[in-house]
Amino acid sequence: MRIVKADRQDLKDILELQYMAYRSEAEIYNNYNIQPLRQTLKQLEEEFDQQVILKAEMDGLIVGSVRAFVDHGTCKIGKLIVHPHYQNNGVGTSLMREVETYFNGCLKFQLFTGDKSLRNLHLFTKLGYKEFKSEEINPKLKIIYLEKEASRDNILKGGKHL
């Protein structure tokens, strides 16, 4: 597996992967109107101009992706996606580690997921993330916000190694 920064020409494939990956989230919450399933290519192109998008490739196929940006010393991580056939094989873990390395000058890392997304919560907890707040969106959805403090050594090293 190879993890590198995505190029603009990768965005169509990443968006198709996003639709595929988020179907399982939509099923969990019985809501197919979630933003990742409605996002357009134009919106993703706008994100590309403002964020870093990493991709995981195997045999020339994009099998995963993650997005991140820095806000006041905090790396905000979003849309970690893995192709359904490649889940539970370390792709998500590798992407998370790579985004943390890329932004290793940050003081902390933050992300969020839904309270019923147990596989996501398990992964993030395993990687050292801890809940710091939650927000009830509606009676069927509570968002869990997680963060991880950067180690002192990582802060001193700087960032952007790709």
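Biologist: What makes Lys79 and Glu47 buried?

Modeller: Buried means under 20% relative accessible area, and in this predicted model both Lys79 and Glu47 are on the buried side of that cut-off.

Biologist: How do you know that the side chains of Lys79 and Glu47 meet in a salt bridge?

Modeller: Check the distance: N to O is 3.5 Å. The cut-off is 4 Å, so the pair passes. The two partners come from distant parts of the chain, with Lys79 in strand S4 and Glu47 in helix H3 (residues 41–50), 32 residues apart.

Biologist: And Glu147 with Lys108, what makes that a salt bridge?

Modeller: Here the N to O distance is 3.7 Å, which is within 4 Å, so it counts too. This pair also links distant parts of the chain: Glu147 belongs to strand S7 and Lys108 to strand S5, 39 residues apart.

Biologist: Why does Glu147 count as buried?

Modeller: Because its relative accessibility is 17%, and the cut-off for buried is under 20%.

Biologist: Then why does Lys108 count as partly exposed?

Modeller: Lys108 comes out at 25%.

Biologist: Where in the chain do Arg2 and Glu57 sit?

Modeller: Arg2 is in strand S1 (residues 2–5) and Glu57 in strand S2, 55 residues apart. Glu57 has 14%, so it counts as buried.

Biologist: Which residues are linked with them in a network of salt bridges?

Modeller: The network links Arg2 and Glu57 with Asp10 and Lys55. A search of the whole structure turns up 10 salt bridges. In general, side chains of opposite charge can pair when their charged atoms come close.

Biologist: Now the nonpolar core. Which residues have the most contacts inside the largest one?

Modeller: Ile77, Phe103 and Tyr129, in a core of 27 residues. At least two residues each come from strands S2 (52–58), S3 (61–71), S4 (74–82), S5 (108–114) and S7 (141–149), and from helices H4 (91–102) and H5 (118–126). H4 gives the most, with five residues.

Biologist: What does Ile77 touch?

Modeller: Not counting residues up to four places away in sequence, Ile77 touches Val66, Arg67, Ala68, Met96, Val99, Phe109, Gln110, Leu111 and Tyr129. There is also a second, separate core of 14 residues, including Ile14, Leu17, Ile34 and Leu37. As a general point, nonpolar side chains in soluble globular proteins tend to be buried together.

Biologist: Which residues of H5 are buried?

Modeller: Leu121, Leu123 and Phe124. They fall within an arc of 165° seen down the axis of H5, so they line one face of the helix.

Biologist: And which exposed residues does the face of H5 turned away from its buried side carry?

Modeller: That face has Leu118, Arg119, His122 and Lys126. The buried residues of H5, for their part, pack against S4, H4, S5 and S7. After H5 comes Gly128, with a positive phi near 100°.

Biologist: Zooming out, how many helices and strands does the protein chain have?

Modeller: Six helices and seven strands. From the N terminus on, they run β-α-α-α-β-β-β-α-β-α-β-β-α.

Biologist: What makes the protein chain as compact as a globular protein of that length?

Modeller: Its radius of gyration is 15 Å, close to the 15 Å that the globule rule gives for 162 residues, so the label holds. Along its principal axes the C-alpha trace spans about 45 × 35 × 30 Å.

Biologist: How much of the protein chain do buried residues make up?

Modeller: Buried residues account for 41% of the 162 residues. The accessible surface is about 9,300 Å², and 49% of that belongs to carbon and sulfur atoms. Among contacts between residues at least 6 apart in sequence, 63% join residues at least 24 apart.

Notes:
Residues numbered from 1 in each chain as written. Predicted model: local features only at pLDDT ≥ 70, side-chain atom pairs only at ≥ 80, totals over all residues. Heavy atoms only, no water. Core = buried A, V, L, I, M, F, W, Y, C linked by side-chain atoms within 4.5 Å. Buried < 20%, exposed > 50% of the residue type's maximum accessible area, 1.4 Å probe, protein only. Helix = DSSP H or I, 4+ residues; strand = E, 2+ residues; numbered from the N terminus. Contact = heavy atoms within 4.5 Å. Arc of directions from axis to C-beta. Rg over C-alpha atoms; globule rule 2.2 N^0.38 Å. Areas by Shrake-Rupley, 256 points an atom, 1.4 Å probe, with all protein chains shown as cover.
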